[in-house]
Amino acid sequence: MTSIQSVLAAFAIILIDLLGRAGLDKVLALSGGPTMVALWAQLQSAMELVCAVTMTGVLQGLTVLITQVSEARDERRLLRDTLKLGLGTSLVVALMVVLASPELALWLTQNRIATDLFWIAALAGCIAIIPATLNAYWLGKHQQQRMFWLALLTSAVWLLVAASAWFGLTLRGLMWVQIIVLAVIGIAVWRYLLRLSRAGDGQEGDGKYFRKLVRFVPVGLAIGIMSPVSMLLIRGVLSTTLSWSDVGFLQALWRSTEWVTATASGVLSLIFLPRLSSTHGSARFNSELTRAAVMVLVPGACLLLLIFFNQRAMLATLYDARFSVSDETAALFMLGCWIRIAAWVFLFGLFAAHRTLLIIAGEILSLPLFVLLLWLFADGMTLERTALLYLASYIVYLGFTAACLLYSTRHTTRVKPAAAHD
C-alpha cells in the first residue's frame, strides 16, 4: 500500500507548504501589519475560488479513479480527460470572477483592493491547476516522493513573493511576482503532462472516464466555490462588524492552527485517500477509516492544546507582538478546528465511496453555515463570539458527515450480498 518513504514524503510536502505560507505571512506582517495580511488573504481566496473548483472535484476524482485503473492506456486517457475537464471548469469560474470583480472589490474589501487585482488572482488560479493535476496523478499512483520534488519547486512562489514583500513591493507587485513564477513552473509541468498523456496512444477512447470525472464536478463546484467564497464573506462581514485589524488577528489565529489542520488534511489526502479508495466495499475500509481517525485526531488534539497554551508566543513569533487574541477566543477556535478535523475523516470516506451528492449537501453545513451565523448574530460581534460560531458550525458538519458515511457503508454492505446472491 503506502511505503515508509511515501509517508515521509507526504509529511515533507505538508511541511514545505506550511513553512512557505508562514514565512510569507511573517514578512507581510512586518512590512504591512494586520491589514496587509488580511488583504493578501482576500486575494488568495479569490485565486483559490478558481483552482479549488478543480482541485476538490475533478482532481480528487483523478486520484480516486487512477487507483482503480490497471492498464497504462486507460491511465493516459484518464489523464487527458482530466486536463480537458479540469482546465475547462477553472476557466469558466475564472471568467465569473473577472465579471464579478467590481462587486468583489466593493463588497468584500470596501475598494481597498483594485478590481484588476482580482483578474490577476483568477488567472493565477487557472495556472495553479497545471502542477496540481500532476500532483493528483502521482498521488493516485502512490508516488509521493515525486510530489515532494514538485512541492520544492512550487515553494519558489512563496519564497519570491516574500522576498518581494521584504523589499517593499505593493500588493499589486506581489500579485505579479506570484503569477510570473507560477507561469514559469506551469509551462514546464504542462509540457511534461502532454508527453505523459500522449505516450504511445493516439486514440481518444470512448469517453467513459470523462463521464466518471464529470460526477466529481458538482463536488468541486460545491466545495471549491463555497469554501473560498465563504472565506471572502467571512473577512468581509467581520471587517464591517469589527475591523480589518481584527480580521488580520483572526487570519493569524487561523494560520497558526493550520500547522495542525493542514497537516491533518494532508495526511488524509496524501496517505489515506488512495488507501480508502482502493479498499472501499471491502472489510478493510472500516479499519483504514479507524486508522485514519487515530492518526489525525490524537496528535491533533495534543498539538492544538500545545498551541493554545503558547498561543501568544506563537502569534508573536509567526507575526509580531501586535497579533493577540483572548484565551477564550483561542480555546473555542481550536476546539472548532479539532471538530473540523474529525469531520474531514468522514468526508474523505465519502470521497472514496463516490458519494458526491452527500458531499455537496454537507458542504453547506461547514463554512457557509459559519457565514450565515456571523450574519445572524452580527450585532455586538466580538472575536470570542466569532470563535463560538465557528465551533457550532463544525459540530453540525461533523454530525452530518458521520451520519452520511454510516448510511453509505451500511447501504453498500446490504447491496453487495444481494448482488452476489442474484
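## Cavities, a buried helix face and ring pairs

The second largest cavity has a volume of about 80 Å³, where a cavity is a set of points on a 1 Å grid over the protein atoms alone at which a 1.4 Å probe fits but cannot get out, and where the volume is the space filled by probe spheres set on the points, joined across faces, edges and corners. This is a predicted model, in which local features need pLDDT of at least 70 and side-chain atom pairs count only at pLDDT 80 or more, while totals for chains, interfaces and linings use all residues. Residues are numbered from 1 along each chain as its sequence is written, and side-chain values use heavy atoms, with hydrogens and water left out.

Trainee: Which helices each supply at least two residues of the lining of the second largest cavity?

Mentor: The lining, meaning residues with an atom within 4 Å of a point, includes L18, R21, R255 and W259. Helices here are DSSP runs (H or I, at least four residues), numbered from the N terminus. At least two lining residues come from each of α1 (4–55) and α9 (244–279).

Trainee: Is Q251 buried or exposed?

Mentor: Q251 lies in helix α9, and buried means under 20% relative accessible area, exposed over 50% and partly exposed in between, with a 1.4 Å probe and protein chains only. Because its relative accessibility is 7%, Q251 counts as buried.

Trainee: Where around the axis of α11 do its buried residues Q311, L315 and L318 lie?

Mentor: In helix α11 (residues 311–318), the residues Q311, L315 and L318 are buried. They cover an arc of only 75 degrees around the axis, the arc being that of the directions from the helix axis to the C-beta atoms. An α-helix has 3.6 residues a turn, so residues three or four places apart point the same way. The arc therefore puts these three on the same side of α11.

Trainee: Why is the pair of F333 and Y390 stacked?

Mentor: Rings of Phe, Tyr and Trp (its six-membered ring) pair if their centres lie within 6.5 Å, and planes under 30 degrees apart count as stacked, over 60 as edge-to-face and the rest as tilted. A search of the whole structure finds twelve aromatic pairs. The rings of F333 and Y390 have centres 4.4 Å apart, and the pair is stacked because their planes are at 15 degrees.

Trainee: Which helices hold F333 and Y390?

Mentor: This pair links distant parts of the chain, 57 residues apart, and both F333 and Y390 are buried. F333 is in helix α12, and Y390 is in helix α15 (residues 383–421).

How values were computed:
On a 1 Å grid over the protein atoms alone, a cavity is a set of points where a 1.4 Å probe fits but cannot get out, and a pocket is an open set with protein on both sides within 12 Å along at least five of seven lines; lining residues have an atom within 4 Å of a point.
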